[in-house]
Amino acid sequence: APTPTPDPARRRHSTPPADHPPPRRWVACARPATMAAAAAAAADPSELLIAEGYKIWKKNACFLYDTVMTHAMEWPSLTVQWLPHVSRLADKDYSVHKLIMGTFTSGSEQNFLHVADVLLPNPEAEIDARKYDDERGECGGFGSVAGKVEVKITINHEGEVNRARYMPQNPYVIATKSPSSNVFVFDVTKHPSRPPSGEFRPQHRCTGHEKEGYGLAWSPVAEGQLLSGSDDALVCLYDMAGSPPEEVVPTRVCRGHESVVEDVDWHRHHPHLFGSVGDDRRLIIWDSREDGPSHVVSDTHKVDVNCVAFNPFSEFLLVTGSSDCTVALWDSRNLKQKLHTFEGHTEGVFQVQWAPFNETILGSSSSDRRAHVWDLSRIGEEQSPEDAEDGPPELLFVHGGHTSKISDFSWNPNENWVVATVAEDNILQVWQMAETIYNEDDDEEGSGGVAEAAAEGGGADEGEAGQEGGDDGGG
């Protein structure tokens with residue numbers, strides 16, 4: 001298959017897009033993270049608009065969020081994922097969660113894989129959400145806890161960490177993608193909390209690719225099954241179960257794409273099914289028991305397809321995100337046409353993830369500095385002309401706390417509605433939208449399945465709590 005030269009700028013060094021006026025509801029715009037950014041804002045009108053937006057965010061943040069935590073990192077991270085571990089302490093008003101992150105340093109600096117502790121308030125904790133704390137970068141402070149994000153484990157990494165994902169059956173095993181063609185696999189229990197200087201010792205190196213990439217996914221059903229997609233147009237499948245050797249060759253190499261493979265994902269219910277998407281605009285469904293692709297969907301979007309995610313609840317639903325600024329909803333029983341197109345981003349979409357607690361909730365992040373939360377059950381609801389100006393009814397929330405492209409995001413598996421986002425502005429944000437936004441009408445909850453809501457435009461009626469929260473904050 002052809003292996004075109006990738007454009008690293010497409011994913012790693014995004015030029016800040018020309019800003020657009022944020023919607024009146026939901027949106028929060030963050031400040032420049034450094035003095036250099038502030039100086040740039042003075043010279044660039046679009047940067048100045050971003051800086052001015054921060055004042056609006058400070059005024060509205062505590063109406064829009066139950067919790068916001070901002071952590072400035074020395075280097076940006078291209079990847080983030082919550083680990084399933086959580087420690088709940090009986091005598092504390094917070095619980096300890098864990099995050100996987102990486103670094104993207106300058107060429108001369110050592111890169112690292114990080115595991116960090118994040119302290120989140122318990123639901124019953126007394127939270128002062130009356131104002132945004134500018135010094136600590138948080139809204140919804142609690143207790144007297146200081147330093148709510150702390151890196152606990154640092155592992156030397158060869159080149160920047162393009163993507164890092166843990167094995168669901170053994171979260172101490174983490175796979176990473178880097179600028180090299182290899183996939184590295186680490187057992188965190190075999191590494192000290194601080195590494196020896198310059199020593200790079202992954203437990204396994206997975207070969208088979210010829211170029212770097214970003215696509216990486218562990219099977220949630222079959223232990224040790226690891227997928228990788230790269231810029232060489234290949235999808236490699238590795239078996240990491242048991243005691244694999246230090247150098248692992250793929251059990252299967254899938255050839256079906258004609259350009260860069262941007263992302264891969266496993267089906268959540270069938271252990272042999274997985275999907276891949278790429279710059280050739282193709283969505284391919286694979287069955288590991290078959291020699292070639294099971295289904296090939298050409299021209300899924302107008303341009304590159306950057307991400308794919310199977311629904312963890314419904315076995316037939318999946319979504320794709322594209323550089324055409326849209327997210328597409330698909331039914332695997334009929335891939336000839338989309339069920340729905342989510343429109344709202346103004347730049348390319350580079351990550352999509354379903355919420356782990358509700359089959360209708362979906363997240364997406366983009367080069368436009370926004371993370372969107374969508375609710376499929378609201379598709380087709382009636383809107384006032386004023387509400388329609390802010391986006392379609394299924395657009396539940398827009399998080400705009402970053403000043404640069406959002407590189408990755410992750411739903412917390414232990415705390416509903418808690419999200420972590422990382423961006424090229426060196427910022428990690430942990431946030432939870434206000435309950436008044438997503439919990440508008442409990443009585444109407446659960447009316448109809450996802451497929452019916454998406455295909456027929458059905459959904460629950462709800463009030464205007466989300467709008468009221470935003471309008472009050474804006475006042």
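Two aromatic rings of Phe, Tyr or Trp count as a pair if their centres lie within 6.5 Å. With that in hand, here's a look at the aromatic side of this predicted model. Phe357, Trp411, Trp417 and Tyr438 form one aromatic cluster.

**The cluster and its surroundings**

Let's start with Trp417. Leaving out residues up to four places away in sequence, Trp417 touches Phe357, Trp411 and Tyr438, and its other contacts are Ile361, Val373, Leu396, Trp431, Gln432 and Met433.

Now for Phe357 and Trp411. Their rings pair edge-to-face, 5.7 Å centre to centre with 80 degrees between the planes. Phe357 sits in the loop between strand S25 (349–354) and strand S26 (361–366) while Trp411 is in strand S29, so this pair ties together parts that are 54 residues apart in sequence. Are the two residues buried or exposed? Phe357 is partly exposed, because its relative accessible area is 21% and buried means under 20%. Trp411, at 6% relative accessibility, counts as buried.

**Pairs and charges over rings**

The whole structure holds twelve aromatic pairs. Another of them joins Phe342 and Trp374, and this one is tilted. Phe342 belongs to strand S24 (residues 340–343) and Trp374 to strand S27, so parts 32 residues apart in sequence are tied together. Both Phe342 and Trp374 are buried.

| Charged residue | Ring | Distance from ring centre |
|---|---|---|
| Arg333 | Phe316 | 3.9 Å |
| Lys405 | Phe350 | 4.0 Å |

**The nonpolar cores**

Which residues have the most contacts inside the largest nonpolar core? They are Tyr65, Val373, Phe397, Trp411, Trp417, Trp431 and Met433, in a core of 21 residues. Helix H2 (45–64) supplies at least two residues of this core, and so does each of these strands: S1 (65–72), S27 (371–375), S28 (395–399), S29 (406–411), S30 (418–423) and S31 (427–433). A second, separate core has 16 residues, among them Leu329, Val349, Trp354 and Leu362. As a rule, nonpolar side chains in soluble globular proteins tend to be buried together.

**Stepping back**

The protein has six helices and 31 strands. Of its 475 residues, 56% count as buried. Among contacts with a separation of 6 or more, 59% link residues 24 or more positions apart.

Methods:
Residues are numbered from 1 along each chain as its sequence is written. This is a predicted model: local features need pLDDT of at least 70, side-chain atom pairs count only at pLDDT 80 or more; totals for chains, interfaces and linings use all residues. Side-chain values use heavy atoms; hydrogens and water are left out. A nonpolar core is a set of buried Ala, Val, Leu, Ile, Met, Phe, Trp, Tyr and Cys residues joined through side-chain atoms within 4.5 Å. Buried means under 20% relative accessible area, exposed over 50%, partly exposed in between (1.4 Å probe, protein chains only). Helices (H or I, at least four residues) and strands (E, at least two) are DSSP runs, numbered from the N terminus. Contact means heavy atoms within 4.5 Å. Rings of Phe, Tyr and Trp (its six-membered ring) pair if their centres lie within 6.5 Å; planes under 30 degrees apart count as stacked, over 60 as edge-to-face and the rest as tilted. A charge sits over a ring if NZ of Lys or CZ of Arg is within 6 Å of the ring centre and within 35 degrees of the ring normal.
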